[in-house]
Amino acid sequence: MLRQFQSNGAGPLFDRSEGPAMAYHEFYRDDFRPRDHYLPMWEHIQSAGQQLLAAKARDAQLALHNEGVTFAVYGDDGEGGERVWPFDILPRIITAAEWHQIEAGLAQRVRALNLFLADIYHGQRILKDGVVPPELIYHGKAFRREIMDVDPPHDLYIHIAGIDLVRDEAGHYLVLEDNVRTPSGVSYMIENRILERRILPEFFARYQVRRVEHYPELLLQALRHLSPRGADQAVVVVLTPGVFNSAYFEHSFLAREMGVELAEGRDLVCKNDRVYLKTTHGLQQVDVIYRRVDDDFLDPLVFRADSVLGVAGVIDAWRAGNVALANAPGTGIADDKAVYAYVPDIIRYYLGETPILGSVPTYHMTDHQDRTYVLDNMEKMVIKTVSASGGNGMLMGPASSALQRAEFARRIAADPRHYVAQPVIRISRHVCYLDGELESRHLDLRPFVISGAGIQVVPGGLTRVAMTKGSLVVNASRGGGSKDTWVLAA
């Protein structure tokens, strides 16, 4: 039996080769004993032994392969391919008390961002009152002047949000990023849970874990709530860029689970400011489009004229109130990483409340003092492109070369509005079962928030894991993996 499974309760599960890292450990207390809510799992790990865990890990990878649960990986050269979704069998556990704070903080944040978007595309009070600099909005690449004064159904812009959370060295939850355009990852959250229940039922027998599998039902209810013809008659479609999109597995998964059509742009047509789905029985009016196509490609008559992924005329139909778009066009300005720094002020301005969840200090490259400090300390910073996602357009300072830092300094000088910087956060760690051993890896959490008749935070989320020892990059497209996330009922 491996030394990691020996034990008197303290056991050297801790991967001591990492040294005395300051990152908070989700599994261990400071004395390297499991935290109270992990004790039942730890007892089972000890009794199961390495051989059984190894068999469970093989079963998990085989199931993912057979069921076609894949994702796209991209290399530094831009080339990539499809790989089986990397899954660690040891779940992350969040106590009911911790989740209560997370849930309240996420609901507060999404509520405020919805009010912010409604204001930005209408009266712009927050700009006139000097809370957010106007130039920050007007120079943002995700701000869409084309949709000014459009009234979306129920004044909702954000229907699905994926908010990235990390824990700092003290164990406090912080919002790292807001994803409110076309957030992805929820299908993997559900697949992780289905797989975990199947291969580790004995783990579940020791805990009361809240459900996540009902997410498609919650999403469908929220989408139907938007229908101009009423929820009962709502015809909903999922709009996908097609099979070559990196998130196509998720698009098809959600359409199947909700029982709605998966459509590409060529499957839809607009007539008289209404959207129709082409079927073998003729045209069928569409009420709600859950679009997984970015703004730029959504409507060639309004945005990029060369787009073949969207639907010509869909923005006019939306403007006329004959179709709902989820998420609404223009939401990207709310998850612009330069706007991120103002979200605590946005919460106070619209809700009159103190932010429940903290934020990471953020430096704006348009500010001379901030820019000078960052350029002098690039090896200690994470530098991000404000409108990029998936770990793209990012410089991880401690892992960068002098040549890479010089290139980013050049880019910042050429376009400072397009970059922000944050200090490196030693995000929390958790035990993972990797290649027959238990080792610690860094991770984050992406919970999903649905806005419909009310705001619902799905109890769990996608825990993303940096599978490489010492790495802080958790994105699957950059080699990261995932864990099932358990929220305890009590």
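Start by selecting Gln124, which counts as buried at 12% relative accessibility; buried means under 20% relative accessible area, exposed over 50%, and partly exposed in between, with a 1.4 Å probe and protein chains only. The model is predicted: local features need pLDDT of at least 70 and side-chain atom pairs count only at pLDDT 80 or more, while totals for chains, interfaces and linings use all residues. Residues are numbered from 1 along each chain as its sequence is written, and side-chain values use heavy atoms, with hydrogens and water left out.

**Backbone stops**

Stay on Gln124. This residue sits in the loop that runs between α2 (96–120) and α3 (125–128). Helices (H or I, at least four residues) and strands (E, at least two) are DSSP runs, numbered from the N terminus. Gln124 is not a glycine, yet its phi is positive, near 60 degrees.

Next, select Asp155, in the loop between α4 (134–138) and β4 (160–167). Its phi is also given as positive, near 55 degrees, in a residue other than glycine. Asp155 is partly exposed, with a relative accessible area of 49%.

Now go to Ala326 and Asn327, which are joined by a cis peptide bond with omega about -10 degrees. Asn327 belongs to the loop between β12 (324–326) and α10 (337–340). Most residues other than glycine have a negative phi, and most peptide bonds are trans.

**The parallel sheet**

From β12, select the open sheet to which this strand belongs: four strands in the order β7-β6-β11-β12, with parallel pairing. Two strands pair if DSSP finds at least two bridges between them. β7 (261–263) and β12 are the edge strands, each pairing on one side only. From one strand to the next, the twist averages 25 degrees.

Select β6 (residues 236–239) together with β7: three bridges pair them in the parallel sense. Leu239 has Ala263 of β7 as its bridge partner. Contact here means heavy atoms within 4.5 Å.

**The antiparallel sheet**

Move on to another open sheet of four strands, ordered β14-β17-β15-β16 and paired antiparallel. β14 (363–364) and β16 (394–396) each have a single partner strand, so one side of each of these edge strands has no neighbour in the sheet.

Select β15 (residues 381–385) and β17, which run antiparallel and are joined by five bridges. Thr385 has Tyr419 in β17 as its bridge partner. Helix α13 (residues 402–414) lies across β15, β16 and β17, at about 140 degrees to β16.

**The cavity**

What does a search of the whole structure find at 30 Å³ or more? It finds one cavity. On a 1 Å grid over the protein atoms alone, a cavity is a set of points where a 1.4 Å probe fits but cannot get out, and lining residues have an atom within 4 Å of a point. The largest cavity has a volume of about 50 Å³, where grid points are joined across faces, edges and corners and a volume is the space filled by probe spheres set on the points.

Select the lining: Leu176, Glu177, Asp178, Asp335, Lys337, Tyr340, Lys384, Val420 and Gln422. The elements giving two or more residues to this lining are β5 (173–179), α10 and β17 (419–423). β5 gives the most, three residues. By class the lining has three nonpolar, one polar and five charged residues; Ala, Val, Leu, Ile, Met, Phe, Trp, Tyr, Cys and Pro count as nonpolar, Asp, Glu, Lys and Arg as charged, and the others, Gly among them, as polar.

Select β18 (residues 429–434). Six of its six residues are buried, so the strand is largely enclosed by the rest of the structure. Arg429, Val431 and Tyr433 are buried on one side, and His430, Cys432 and Leu434 on the other, so that both faces are covered.

Leu434 has Glu437 in β19 as its bridge partner. The hairpin has two residues between the strands, and Asp435 takes a positive phi near 50 degrees.

**Last stop**

Finish at Asn66 in helix α1 (residues 39–66). Asn66 counts as exposed, at 56% relative accessibility. Draw a C-alpha to C-alpha distance from Asn66 to Thr354: the two are 48 Å apart in space and 288 residues apart in sequence.

Methods:
On a 1 Å grid over the protein atoms alone, a cavity is a set of points where a 1.4 Å probe fits but cannot get out, and a pocket is an open set with protein on both sides within 12 Å along at least five of seven lines; lining residues have an atom within 4 Å of a point. Axes are lines fitted to C-alpha atoms, for helices over the stretch in contact, and angles run from 0 to 180 degrees between N-to-C directions.
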